[in-house]
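Work through the exercises below with the coordinates open. Each task is followed by a stepwise solution.

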Amino acid sequence: MSYPLTEDADKAFLREAVQMAIESVGDGGAPFGAVVVHKGKVIARAGNRAKLDCDATAHAEVAAIRNAGKILKNAHMPKATLYASCEPCPMCLAAAHWARIPRIVFAAPQETANLAGFADGNIAEQLYGQIHPVRPEQLGLIQIECEDSAAPFHAWLEKHDLPSF
């Protein structure tokens with residue numbers, strides 16, 4: 001049975017990822033959240049714990065993928081969608097591709113994260129020789145406008161008494 005996702009469903013799942021990002025800031029983590037949806041249901045969610053766990057790989061997307069793999073008892077998720085509060089960094093994008101997740105939907109663009117001090121363009125440039133060597137849609141990336149997609153970054157800046165953008 002297939003589970004077609006509508007734009008309304010995409011937006012609802014994105015709002016959940018954004019809420020996870022806001023909660024992550026409240027818990028002392030970075031402003032990123034992710035959910036993995038399989039067959040129309042959220043099966044895993046996570047906020048960023050890199051700072052809290054002293055683990056550079058503890059990004060929200062990676063944690064959600066790890067949790068989903070445990071639930072599905074499979075590292076490959078060809079029928080899943082990853083929803084991220086922000087455009088995934090190169091590591092998270094690679095993890096989603098290793099997990100064979102065909103669809104990655106995100107709210108805030110990388111530029112919004114850059115404004116809050118989270119810039120990974122230099123990593124992409126070092127890895128690929130340029131920023132976004134292929135079009136995002138070729139990587140399964142889809143950006144959908146989502147209310148308050150910048151809210152996690154505003155919460156981060158406010159919590160750390162940094163100037164807002």
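**Exercise 1.** Decide whether Phe 153 is buried or exposed.

Solution. Buried means under 20% relative accessible area, exposed over 50%, and partly exposed in between (1.4 Å probe, protein chains only). Phe 153 has 0% relative accessibility, so Phe 153 counts as buried. Phe 32 is buried as well.

The model is predicted: local features need pLDDT of at least 70, side-chain atom pairs count only at pLDDT 80 or more, and totals for chains, interfaces and linings use all residues. Residues are numbered from 1 along each chain as its sequence is written, and side-chain values use heavy atoms, leaving out hydrogens and water.

**Exercise 2.** Classify the aromatic pairs that Phe 153 forms with Phe 32 and with Phe 118.

Solution. Step 1: rings of Phe, Tyr and Trp (its six-membered ring) pair if their centres lie within 6.5 Å; planes under 30 degrees apart count as stacked, over 60 as edge-to-face and the rest as tilted. The structure holds five such pairs.

Step 2: for Phe 32 and Phe 153, the centres are 5.4 Å apart and the planes at 80°, so this pair is edge-to-face. Phe 32 lies in the loop between helix 1 (7–26) and strand 1 (33–38), and Phe 153 in helix 7 (residues 151–159), so the pair ties together parts 121 residues apart in sequence. Helices (H or I, at least four residues) and strands (E, at least two) are DSSP runs, numbered from the N terminus.

Step 3: Phe 118 and Phe 153 are 6.3 Å centre to centre with 55° between the planes, a tilted pair.

Step 4: Phe 32, Phe 118, Phe 153 and Trp 156 form one aromatic cluster.
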